[in-house]
Amino acid sequence: MTPGPATATPVNPAPVLELADVSISYSGIVPAVVGVDLMVMPGEIVGIIGESGSGKSTLAHSVLGLLPDSAQISGKTLSLNGIDMLGASEQAMRQLRGPAAAMIFQNPMTTFSPMHKLGRQLMDLLWRERGLSNKEKRQKILKALQDVGLPDPAARLEAYPFQLSGGMLQRVAIAAALLMRPSLLVADEPTTALDVTMEAQILHLMHEIRRNAGVSILMISHHLGVIAEICDRVAVMYAGRIVEEGPVDVIFADPRHPYTKALFACEPALIETGATRLPVIGGEVPRPVRIGCGFAGRCPQVLECCCNATPPWVAVGAGNVSHFSRCHRSAP
Amino acid sequence: MTSFIMRRIGLAAIILLIVAILLFSMMHLIPGDPTVVALGPRSTPEMREAFREMMGLDQPILKQLALFLGRLAEGNLGEDVWSKRPVLTMIFEVLPYTATLAVASFLWAVTLGILLGCFAVVHHGKWPDWLIGILSVGFVAVPSFVVALYSLLIFAVSLNWLPAIGAGTPGDFISQLKALVLPSFAIGLGWVGYVARLVRAAMIEAMGENYTRTLRSFGVSERRIIFRYALRQALIAVLSVIAIGFGGLLTGSVFAEIVFSRPGLGKMTYDAVMSRNYPLVMGTVLVTSGLYVTCMIIADVVTAWIDPRVRSAL
Ligand SMILES: Nc1ncnc2c1ncn2[C@@H]1O[C@H](COP(=O)(O)OP(=O)(O)OP(=O)(O)O)[C@@H](O)[C@H]1O
Ligand code: SF4
Ligand SMILES: [Mg+2]
């Protein structure tokens, strides 16, 4: 595990993404994300793991202000490059989408319009480049497609999405995102919909981006191997909350939260083999709760206070390692 | 693509054949002397004799059918019972009137419908959207003859802006255009509401698709997403429905031609039925069916052509 560029930065720079106490619910009743704190520093790669329905995509979409109208978001801070997104108008958020943060979605087969040629769509995504002629834009796009290793890019511009494989489309999506030169790249399970070979190729590509482009990445994944391989820090999500967060090697070596422990205990060889899905832990289906610990129904170490008091966010790292766990057991 | 079109044409031919056979059986299934059924009680014995001769009514029934279909294949639809003029010639004389009427109604439906639908989507959830929603339902619910009568009263009688009856002076384009406005509007208005609702629903569906989220995530403006992307998807939905509706516009022309005393296929069919003019009824019904299936073929081809997934699968 290589240390990320962030650890090499001497002074505390401003975070690219900062969330403080962010909660999101759908239709006013169904909480999906509860009281999340998260920070991504320049050049840093932060992973989010958590089982299906734990609120990862909801969180990812909120970063770009892409939540549907039915979602309500509240909290202290949600800022991109220091610009507040909670109070921002739709118009202001539009300006940030792309240059401040770009996103790669889970299912590449539905990322692009089935009715338009890819070239047309990529040109439209470059709407900010008003100073460039169509020919110059085309050159830029071709170069970007080459950089992500898409074979025969010129022909792909004339193709429709259904004529490409999922892996190729995900490359196109990554190329488009990188063309924005974003400060932050949000990748929502970029390989989940792909087969194993494609997945390996896309991961390799993400590796290169990390080396070359100097962007921060918020990487959402089911794939513990991916997280272990490319992330600097990891946040474990459970029922809408981040239950543990810290440097990736520390968390994998010394998980402190009972959920994280259960996760790793399910399959000791998980990290080495790189399982594509998180193991499912027995007990009731996770449901976000506003008060108490969401894991209480399944927790082997549950305490009296777990159901009626929200567990505190406790620093559990040795020395000055920033490692946090949200558990009554971790409280001093 | 060619084989696709050929298949459609084959299907259309089969449909027309069935229509022809039905028309043929009609004459024989109705009890009584087929010549009286076909020509009506007012026909003279000479007329019946001539008709019996022409249809070969003394022959076995299958032979009659074969003769009948053979004549149709030659484009011979028989003669008008009263005027003795070839039916096909008579139809071709009035066809342009009905065609322009149907096309004009279609243009109302498509342009106004798409405009209103887009406007509703742009103001989705705000008052213009509600207003258009109410109007659309109103347009669909109000029967065409009510629209026809009221527009006649207002624009022709009270304001005297547009002619009340007829198809305009032959050769005078402006006068013909003026005469077209009210009847086409009366037929098209119901479709305006229908198309507006269809466009709105299809576009709102498109706005929830993953690809629009992608466009949004790159800061592409809602307007561009609506007009360049969602509209394209909506048009496919509209097109397939409207093509079937075009047949409905032809049927709608029957009443509009009667109310506005316009010459046309609809009025001709009506008059022919009223005067028990069997060859003419048969001819107009066959030609109307022919137009109907032609529209269906065109719609199928255009729908296939507009959707790249379908186009490449052909
Ligand atoms: N548009 C929506 N409307 C209502 N509820 C939603 C919506 N999207 C997500 N949810 C709910 O919010 C919760 C979190 O969903 P989310 O998609 O964020 O989870 P996830 O961690 O990304 O899961 P997955 O791994 O399956 O992608 C789920 O209970 C889900 O049912
Ligand atoms: S707070 Fe209680 S229930 Fe929740 S994880 Fe810790 S011990 Fe288990
Ligand atoms: Mg998800």
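**First stop: ligand 1**

Select Gly53(A): one of its backbone N or O atoms lies 2.8 Å from an oxygen atom of ligand 1. The protein covers 63% of the 630 Å² of accessible area that ligand 1 has on its own; accessible areas come from the Shrake-Rupley method with a 1.4 Å probe, and for residues only the protein chains shown count as cover.

Before moving on, note that this is a predicted model, in which local features need pLDDT of at least 70 and side-chain atom pairs count only at pLDDT 80 or more, while totals for chains, interfaces and linings use all residues. Residues are numbered from 1 along each chain as its sequence is written, chains are lettered from A and ligands numbered from 1 in the order in which they are written, and side-chain values use heavy atoms, with hydrogens and water left out.

A polar side-chain atom of Ser52(A) is 2.4 Å from an oxygen atom of ligand 1, and a polar side-chain atom of Lys56(A) is 2.9 Å from an oxygen atom of ligand 1. Then display the whole shell, that is, residues with a heavy atom within 4 Å of the ligand. It holds 14 residues, the closest being Ser52(A), Gly53(A), Lys56(A), Ser57(A) and Thr58(A). Helix 2 (residues 56-63) of chain A supplies the largest share, three residues; helices (H or I, at least four residues) and strands (E, at least two) are DSSP runs, numbered from the N terminus. By class, the shell divides into three nonpolar, eight polar and three charged residues. Here Ala, Val, Leu, Ile, Met, Phe, Trp, Tyr, Cys and Pro count as nonpolar, Asp, Glu, Lys and Arg as charged, and the others, Gly among them, as polar.

**Ligand 2**

Centre on ligand 2. Which classes of residue make up the shell around ligand 2? There are eight nonpolar, three polar and one charged. Among the surrounding residues are Cys293(A), Cys299(A), Cys306(A) and Cys327(A), together with His257(A), His328(A) and Arg329(A).

Select Asp124(A), in helix 4 (residues 118-125) of chain A. Asp124(A) is buried at a relative accessible area of 0%; buried means under 20%, exposed over 50%, and partly exposed in between (1.4 Å probe, protein chains only). Its side chain is joined to that of Arg224(B) by a polar contact of 3.1 Å, a term for a pair of N or O atoms within 3.5 Å; within protein, one must be able to donate a hydrogen and the other to accept it, and residues adjacent in sequence count only if both atoms are side-chain atoms. A salt bridge is a side-chain nitrogen of Lys or Arg within 4 Å of a carboxyl oxygen of Asp or Glu.

**Further salt bridges**

The structure holds 20 salt bridges over all chains. In chain A, select Arg97(A) and Glu90(A), whose closest N and O atoms are 3.2 Å apart. Arg97(A) is buried at 2%, whereas Glu90(A) is partly exposed at 39%.

In chain B, select Arg200(B) and Asp129(B), which meet in a salt bridge of 2.7 Å, N to O. This pair links distant parts of the chain, helix 8 (residues 173-207) and helix 6 (residues 127-141), 71 residues apart. Arg200(B) is partly exposed at 28% relative accessibility, and Asp129(B) is buried at 6%.

Then select Lys267(B) and Asp271(B), a salt bridge with its closest N and O atoms 3.4 Å apart. These two residues are separated by about one helical turn because they are four residues apart in helix 11 of chain B.

**Backbone and overall view**

Select Asp152(A), in the loop between helix 5 (134-147) and helix 6 (153-157) of chain A. Asp152(A) has a positive phi of about 50° although it is not a glycine. Most residues other than glycine have a negative phi.

Finally, display chain B as a whole. Chain B has 13 helices and zero strands, and its C-alpha atoms fill a box of roughly 80 × 55 × 35 Å along the principal axes. Of its 314 residues, 43% are buried.
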